[in-house]
Amino acid sequence: MSIHESHGKPHKASSMRTPLGRVRHLGASHSGTGDFWRQRITAVATTLLIVPVIVVVMMLLGRNQAGAAQILGSPPIAIIMLLFIIASSWHMKIGMQVVIEDYIHNEKLKLASIMANNFFTIVVALASIYAILKLSSGV
């Protein structure tokens, strides 16, 4: 009697998952479907926010720095821009991480690339968020 039969669960011969993967309910990437759904959610959020962002960019065309600062300093526009920055940065991070995990096979290089991806994404997001907050606070 196998371990699966003793626990009342039949063993599927066609399954490509390891026993540990079946226990943890994880796929080949060892992260389950969390990244898949987070990437889809951030894609939807970015898609919904791109129209208002394009409208804001069109409003900025032909403006001088003071006019641009006045538009970007508006609280509703600042909130839209902040949400867009967060969603698109998070989406970019997840997308690049998937590419790195799929195509870089050297474990040390993969780890370094993922760390660089995380660092780059955080720096871009924080710099963008700082700029929007600075404009919206009037400093």
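A residue is termed buried when its relative accessible area is under 20%. The legends below describe close-up views of a predicted model.

**Figure 1. Ser89, a buried residue of helix H5**. Ser89 is located in helix H5. Its relative accessible area is 8%, and Ser89 is therefore classed as buried. When neighbours within four places in sequence are set aside, Ser89 is in contact with Thr121 and Ala125.

**Figure 2. Overall composition of the chain.** The chain contains six helices and zero strands. Read from the N terminus, its elements follow the order α-α-α-α-α-α. Of the 139 residues in the chain, 22% are buried. Among contacts between residues at least 6 apart in sequence, 59% link residues at least 24 apart.

**Figure 3. Packing of helix H3 with helix H5**. Helix H3 spans residues 34-60 and helix H5 spans residues 75-103. The two helices pack at an angle of about 140°, and their axes lie 8 Å apart. Because angles over 145 degrees are needed for the class of roughly antiparallel, H3 and H5 are described as oblique to each other. The crossing in which H3 passes H5 is left-handed. Sorted by class, the contact of H3 with H5 comprises 16 nonpolar, seven polar and two charged residues.

**Figure 4. The buried and exposed faces of helix H4**. Helix H4 covers residues 65-72, and its buried residues are Gly67, Ala68, Ile71 and Leu72. These residues span an arc of only 125° around the axis, and they therefore sit on the same side of H4. As a general rule, an α-helix has 3.6 residues a turn, so residues three or four places apart point the same way. The buried residues of H4 pack against H3, H5 and helix H6 (107-137). On the face turned away from the buried side, H4 carries the exposed residues Gln65, Ala66 and Gln70.

Figure 5. With a relative accessibility of 17%, Ile114 counts as buried. Residues up to four places away in sequence being excluded, Ile114 touches Gln97, Ile100 and Glu101. For one of these residues, Ile100, the separation from Ile114 is 14 residues in sequence and 7.0 Å in space, taken from C-alpha to C-alpha.

Note on methods:
Residues numbered from 1 in each chain as written. Predicted model: local features only at pLDDT ≥ 70, side-chain atom pairs only at ≥ 80, totals over all residues. Heavy atoms only, no water. Axes fitted to C-alpha atoms, helices over the stretch in contact; angles between N-to-C directions. Helix = DSSP H or I, 4+ residues; strand = E, 2+ residues; numbered from the N terminus. Parallel < 35°, antiparallel > 145°, perpendicular 65-115°, else oblique. Left-handed = near helix turned anticlockwise from the far one by under 90°. Nonpolar A, V, L, I, M, F, W, Y, C, P; charged D, E, K, R; others polar. Buried < 20%, exposed > 50% of the residue type's maximum accessible area, 1.4 Å probe, protein only. Arc of directions from axis to C-beta. Contact = heavy atoms within 4.5 Å.
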